Number of protein chains: 6
Amino acid sequence: MDVVIETARRIRALEIQGATNVAIAAVNALSEQIQLSDEVDRDSILSKIEEAKEILFASRETEPFMRNAIRYVEWRLRTGEWRDKEELRELVHGVSEGFLEDFRAATDALVKVGTRRINSDTVVLTHCHSSAVSKVFVEAKRKGVDFRVICTETRPKYQGRITAGEMLEAGIDTTMIVDSAMRNFLKEADLVLVGADAITSEGNVINKIGTSQLALAADEARVPLYVVSTLLKFDPQTIHGEYEVIEERSPDEIWPEAPEGLKIRNPAFDVTRREYIHGIVCEEGVISPHSILEAVRRRYPWIIESLGA
Amino acid sequence: MDVVIETARRIRALEIQGATNVAIAAVNALSEQIQLSDEVDRDSILSKIEEAKEILFASRETEPFMRNAIRYVEWRLRTGEWRDKEELRELVHGVSEGFLEDFRAATDALVKVGTRRINSDTVVLTHCHSSAVSKVFVEAKRKGVDFRVICTETRPKYQGRITAGEMLEAGIDTTMIVDSAMRNFLKEADLVLVGADAITSEGNVINKIGTSQLALAADEARVPLYVVSTLLKFDPQTIHGEYEVIEERSPDEIWPEAPEGLKIRNPAFDVTRREYIHGIVCEEGVISPHSILEAVRRRYPWIIESLGA
Amino acid sequence: MDVVIETARRIRALEIQGATNVAIAAVNALSEQIQLSDEVDRDSILSKIEEAKEILFASRETEPFMRNAIRYVEWRLRTGEWRDKEELRELVHGVSEGFLEDFRAATDALVKVGTRRINSDTVVLTHCHSSAVSKVFVEAKRKGVDFRVICTETRPKYQGRITAGEMLEAGIDTTMIVDSAMRNFLKEADLVLVGADAITSEGNVINKIGTSQLALAADEARVPLYVVSTLLKFDPQTIHGEYEVIEERSPDEIWPEAPEGLKIRNPAFDVTRREYIHGIVCEEGVISPHSILEAVRRRYPWIIESLGA
Amino acid sequence: MDVVIETARRIRALEIQGATNVAIAAVNALSEQIQLSDEVDRDSILSKIEEAKEILFASRETEPFMRNAIRYVEWRLRTGEWRDKEELRELVHGVSEGFLEDFRAATDALVKVGTRRINSDTVVLTHCHSSAVSKVFVEAKRKGVDFRVICTETRPKYQGRITAGEMLEAGIDTTMIVDSAMRNFLKEADLVLVGADAITSEGNVINKIGTSQLALAADEARVPLYVVSTLLKFDPQTIHGEYEVIEERSPDEIWPEAPEGLKIRNPAFDVTRREYIHGIVCEEGVISPHSILEAVRRRYPWIIESLGA
Amino acid sequence: MDVVIETARRIRALEIQGATNVAIAAVNALSEQIQLSDEVDRDSILSKIEEAKEILFASRETEPFMRNAIRYVEWRLRTGEWRDKEELRELVHGVSEGFLEDFRAATDALVKVGTRRINSDTVVLTHCHSSAVSKVFVEAKRKGVDFRVICTETRPKYQGRITAGEMLEAGIDTTMIVDSAMRNFLKEADLVLVGADAITSEGNVINKIGTSQLALAADEARVPLYVVSTLLKFDPQTIHGEYEVIEERSPDEIWPEAPEGLKIRNPAFDVTRREYIHGIVCEEGVISPHSILEAVRRRYPWIIESLGA
Amino acid sequence: MDVVIETARRIRALEIQGATNVAIAAVNALSEQIQLSDEVDRDSILSKIEEAKEILFASRETEPFMRNAIRYVEWRLRTGEWRDKEELRELVHGVSEGFLEDFRAATDALVKVGTRRINSDTVVLTHCHSSAVSKVFVEAKRKGVDFRVICTETRPKYQGRITAGEMLEAGIDTTMIVDSAMRNFLKEADLVLVGADAITSEGNVINKIGTSQLALAADEARVPLYVVSTLLKFDPQTIHGEYEVIEERSPDEIWPEAPEGLKIRNPAFDVTRREYIHGIVCEEGVISPHSILEAVRRRYPWIIESLGA
């Protein structure tokens, strides 16, 4: 389990960051670990996977994409067949490659869909940094659409600066505002696009703190809000009634030299209710968040099945 | 006009800051200027005041409190009488002293009222730094009420740190959050208290950017929001249909070393609609914002009268 | 103080009930007590009134009408004059008679106004028992208007049965429902009329538990809700920031033979926010709750003045 | 009573149209009738006015402006004095002239206020034709403001075409839409301005059918709606609980050659609730509709007083 | 048909009560009736079932669970095969046993899911008595979760007392309130759980009168409301446009000795719209009510199919 | 391509009107064109269809029903087989006949469902003319239900007069109003039924301008709104992120002799958001608009498949 344990350590220490990077690293570690092993026996392999899964799951509290990646590998091996070491290796290799290819195809598909929502003269407001949202913007610009982006700075970690940097590099007209000016600038916006860290069985979306506030204000301002995300961010444990755990981060991110006695609360995410979400822009197209569970069941049945009852 | 011009310069250069300090400085400058003058003639004095008024008004775009202070002095002199230099000096001195005393009494009254809204175990959320709100908190604590304060950091100038400092000094249990976490922490709050930079004839309140977002979220969360402010912040020009001008501040406050090409918008205030405000805690007690104009007409008729038609 | 003490005892013991009866008893006790006294001296009389006031105020937590009645007597004596015992007696007698007459005139006026809101075929929903609302119904029927009343039973004390009884006696077509069916029957209603136990400076109304729920549902159903009440129910202490105290009554009213260990909560009133109230039908006509404070200041200035700063 | 009767006939027959024209004609008729009479005796004059008032009031169901005009004349004569025929004539003449001058001054004042709400690039949506709103537009254009107007056609009488004609004549950029496209074009609008036929004591506004729908959509779209109207449109009978009567006009206006058996309903007005109205632009400036009653009491006390209890 | 007729009679007479008991009794009666019969012929059996179905359906107006139970038996026999009396008996026995087992498994699954929604310190408000909700509470307590329940008394039949009794027996901290205090106590609640009598194809839920009022208030208070119910409560007739019939019960339940002439309305249920329901906690996990039809189609296709077009 | 080109011309010139007529004409033209051709070769036929499809699609901007009809024919041929000219003809004929029969069956099914939503005494409000809605009304009347219809006149083309004519012919009690009176008459309505021009993947409905305004007002008034439409109006391109194009029609429809310089905007449709739609009454029964995509996928999988990725 060395490879898996080391990868889990690096994930926990934030040496590997970003939902996509974490998922890829976990799949690769799992794949490598199996290939390193001398065992071929079905039960041994499956119990090894089970063990690796527990270690990797424990490395981060809320990371449905990584968990789904591992669930995929497990499900494929559980339903797959091999006769010897060689075949197992090939299978494992094929499965992990397959997952990454499917993910890339899913991303391409949703970027294409999202791009169609942006016309010339559209003003789009976004919050934090989402690689899916950024890809939609860059692709729209590449296609020659002349639009504007307004991005929040996104305290405490200023991820909005990453977004702004990517936009400027792509030559997109970009304006930055403080987070508390969101409601004010919705008057100028035609559209809100945000990413997702997790999607629940009720159709709610977990994303960077401030998203639910933006969603509330967008609803008030009648500006449609779309979540741009692969369905692989769906968290199947919410079907079973589990609440999404909201990570609480270090106070130092907010005020490093805070006076003694001051309490600082720093939750990283919040929950945006489905009624504030016009649509989820995903590999299935633009869908209503209310029917997310049906879409996942059809597209990725193994996410549901792998979980058991 | 030297004194007045110098004071206007210092106000413009932000050497004098805070609505109250600015108002006091303006009244003192105006008072000193008149006393320095050799003239006693009614018309000369009034035209001198008119001149000083224009200079001081021009020093800051939106500063109704300072403007009302000057309107008060003008109105008192316009309706007052004097026979010689000595009597003029006494009148002017009395008027400016009187204004400051009235303001102090008004503040004492509203702090007393605001304090009664806070019970033990109450959790109060506030945004930015308002000296009136801070006084309410400190006085409540002094009276032995055991409550909690949640304050935002208030980007870009971190005025929330000033609030937090004052609260800690008074021994109040205080928690700081980023601005975009407001909606999240309203779940824990029983009450929202904010200050005001200006109040309009419709009953709307101009305050630090983010206040209108907080008000929207407080309304959604059914947490009552009160504005703590003297009625001297009422802007009579709004009766005449004028919009409140929203000051736009330097982009450097948000991102000093922003990449070239990035636009940064930095409005200092926003407008909170009267329907989100449960009450205005002022020298007249707790009143509905919808009837603000009637309260001002009764309490400070000169604010209305001094403006003409 | 015997008379006053005994009256306070009877009020506390619920031997005297109903806001109007309590107010009348308190005024009469105060009036009698002063007349019984041998003193004529201004200061002695006023200090006696102060003492009586404290005793009577303490007899019930929230009873603004009774308190206003006593404030009226106090204010009239504080501003009145007398030379001897006889004149004092006459003054006191005149004042208490005057109060009751004014109250009757106020009631007549508001009943007349309320009646005009009811047309033939109107279906009016009401909650609990309010003598003002009942008078409006009876007067409308007397004038020949052919309308229908829907009344809730009003747990736990079934005051709706009193309302129903009065309606049937007046020959009004009356339907009773359980409290939880309010929202359902708002589909059939054109109008909601309720009474008030107290009105605050913000324009909110304290009334029988369930009123705020009815108001919420009426708002959702677009059925206008009017509060029928004399302005004498205004509580001036709310100007000063005081919260209205909500009386908590005996669990036995809800379940006399409840199993051991069961907690029972029985608040008698709740608060209905001004935005759910289309108008207050009072002696000044139909007024917006947002301007209640102005109306009280004009009609009953002594309510405000008697309170001091 | 010949003059009064003939004027009432012409009003009823729509030979005299528009709230202002009707009010002027009524005041003139009343004034002429008194001057024609040989009587000087106070009681005779007042009873003549009473008679004339009834005739004129009966000429149109809802016409508060005309009614207030007559109330003004009556009130001035009731409180005025004269010694002979000549003095009576002068008084009557002065009163009617005074009313018209006051009205003109009020209009000038509110137009000035309304104009300040329009900036360059503002897009204003309006419904029907209101002479006050048109005056605001024309004056703003005259001052050099470069704005756009969107007006509805306003079925069934196409009053929007009158508005459009006036706008084009003033050189204003004007767009016409069908009534049912209101909500759609609110996306482009910054402001809604409408007139008023009557204002109630609760702060609601009666105006051309469709206004309440526009107000609902404007509220949803967060576009502020202002009512531009003199306070002389206030209907004091609503204080007393009276409902505003909504005139029902001929089906022929909607479909002249409708098939037999088809019912056609054609109410001329609807009621817009105060919570949808950001402000009333009137001779007192921009005021909250919630405090309309206080404003009328202060500005035109005779409107209230003339009505009795 | 003796057994079926007798069971239908007992259901109608409320000798058998509760959706589950009624469903079990109906299945058993149907099963016994078929086994008692001498016939084996397919057409005879199916026409016998058709006859029994009509009798049982007619025994209660709205009872989708019982109807679905019978639809299940019918569907299994319609698609099943048998060669002789013995095989038919076995089939019938297996089918009815199977249905009950499936139902028990479904209940176990949803209780497990619902339990995960309750954490320590959670305050849950519930209305009426639902065996599914009670099971969730008891199971959460058994697992060691330390939460509180607030239950309404639920007039007119006081089913809240049954809930309270079960809670106390399980050692759960329980508070009872009157129905009209729901909105008030939502301030203290973190969660609302209610049962269901029927679920419609639009995703609406029919439940005890008062539920829709609670849902409205929970929505206002931002307290999530979940419906705990098996999908077997889905009423397939609503797909076909049928309205759910709302049972009207005896006035005596509300006021046994009501005065003559008083009308009493006593509907047993009301309809809660899907937008007020955060999720349905069912055997499929936590799902959005908007996708209920898809969930039923997948899980219990025979509910849809058995109905025909 | 003569037949196809001529049909496309007639569609463009509005010689063929109404979604159903257009769809039938397009299918017939396509079918005839293929039968006229001498080719039998699979690739030739499919490329011919591709060509015809482009011509027909271009004849009208937004016409999902016609497009789906053509998609159906294409999909059937793409998946079908034939050996010679004769078999191809039969297949083509069968496919186009089959489509029309399926459409008729779908219409019958949804009319049957819609009819069940109307009871005696129901007042139904409708906007514009929808043949599906009219069929529901006529069928309900034929079944003996005694209900009332309120219809708008529907400017600028007065399609409401067509609806009114059909209603009167069927003997239905019908009332016509102007479009801007919708909100007013919702007070009398129990139900709103409208048609659809297109349905999007998010569950929104494109229909005659004014529908979204009606939906907003119906939501405010708590009157349920149902869209009556076959799922064949679903536009699969919206899955891929495309916006529905809103046709802008001639200004002459609004004001033929408009003064020069007046801009006139005349969009034919608007978008009604899914949250305002209680249900879609379609061939699948009453379904939630949030799950429309799932219903289309199940019922008409070829709509999705024919589109590719």
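**Entry 1: chains C and E**

I started with this pair and counted 43 residues of chain C in contact with 43 residues of chain E. A reminder to myself before going further: this is a predicted model.

How much area do chain C and chain E bury between them? I get about 3,700 Å², with 58% of it on carbon and sulfur atoms. On the chain C side, I noted that C:Ser180, C:Arg183 and C:Gln213 lose the most area to chain E. Together these three make up 17% of what that side buries.

Next I looked up the charged pairs. The rule finds 6 salt bridges across the interface of chain C and chain E. I wrote down one pair by name: C:Lys263 with E:Asp173, where the closest N and O atoms are 2.9 Å apart.

Polar contacts came after that, and I have 25 residue pairs of this kind across the interface of chain C and chain E, both partners at pLDDT 80 or more. Which elements of chain C give two or more residues to the side that touches chain E? My list has the helices α7 (159-169), α8 (182-185) and α9 (211-220), plus the strands β3 (173-177), β8 (263-264) and β9 (269-272). Sorting the residues of that side by type, I get 22 nonpolar, 8 polar and 13 charged.

**Entry 2: chains B and C**

Here the contact takes 20 residues from chain B and 14 residues from chain C. The two chains bury about 1,600 Å² between them, and 40% of that is on carbon and sulfur atoms. I checked who carries the chain B side: B:Arg116, B:Arg117 and B:His278 supply 35% of the area that chain B buries against chain C, more than any other three residues.

How many salt bridges does the rule find between chain B and chain C? I have 4 in my notes. One of the pairs I looked up is C:Arg297 with B:Glu284, with the closest N and O atoms 3.1 Å apart. For polar contact, the count between chain B and chain C is 14 residue pairs, again with both at pLDDT 80 or more.

On chain B, the elements that give two or more residues to the side touching chain C are α5 (85-116), β11 (285-287) and α10 (292-299).

Chain D and chain E do not touch either, and their nearest C-alpha atoms are 18 Å apart.

**Entry 3: chain A by itself**

I counted 11 helices and 11 strands in chain A. Its radius of gyration is 20 Å, close to the 19 Å that the globule rule gives for 309 residues, so I put chain A down as being as compact as a globular protein of that length. Along the principal axes, the C-alpha atoms of chain A fill a box of roughly 65 × 50 × 40 Å.

What share of the 309 residues of chain A counts as buried? I have 64%. I then looked at contacts in chain A between residues at least 6 apart in sequence, and 75% of them join residues at least 24 apart.

In chain B, a cis peptide bond joins B:Arg155 and B:Pro156, with omega about 0 degrees. I placed B:Pro156 in the loop between β2 (148-152) and α7 (159-169) of chain B. In chain D, a cis bond joins D:Arg155 and D:Pro156, with omega about 0 degrees, and D:Pro156 sits in the loop between β2 (148-152) and α7 (159-169) of chain D.

Then the positive phi values. D:Tyr158 has a phi near 55 degrees and is found in the loop between β2 and α7 of chain D. Is D:Tyr158 buried or exposed? Its relative accessible area is 18%, and the cut-off for buried is under 20%, so D:Tyr158 goes down as buried.

C:Leu14 is not a glycine, yet its phi is positive at about 60 degrees. I found C:Leu14 in the loop between α1 (2-12) and α2 (19-36) of chain C. With a relative accessible area of 32%, C:Leu14 is partly exposed.

Key:
Residues numbered from 1 in each chain as written. Chains lettered and ligands numbered in written order. Predicted model: local features only at pLDDT ≥ 70, side-chain atom pairs only at ≥ 80, totals over all residues. Heavy atoms only, no water. Contact = heavy atoms within 4.5 Å. Buried area = accessible area lost by both parts, 1.4 Å probe. Salt bridge = Lys/Arg side-chain N within 4 Å of Asp/Glu carboxyl O. Polar contact = N/O pair within 3.5 Å; in protein donor to acceptor, adjacent residues only side chain to side chain. Helix = DSSP H or I, 4+ residues; strand = E, 2+ residues; numbered from the N terminus. Rg over C-alpha atoms; globule rule 2.2 N^0.38 Å. Buried < 20%, exposed > 50% of the residue type's maximum accessible area, 1.4 Å probe, protein only. Nonpolar A, V, L, I, M, F, W, Y, C, P; charged D, E, K, R; others polar.
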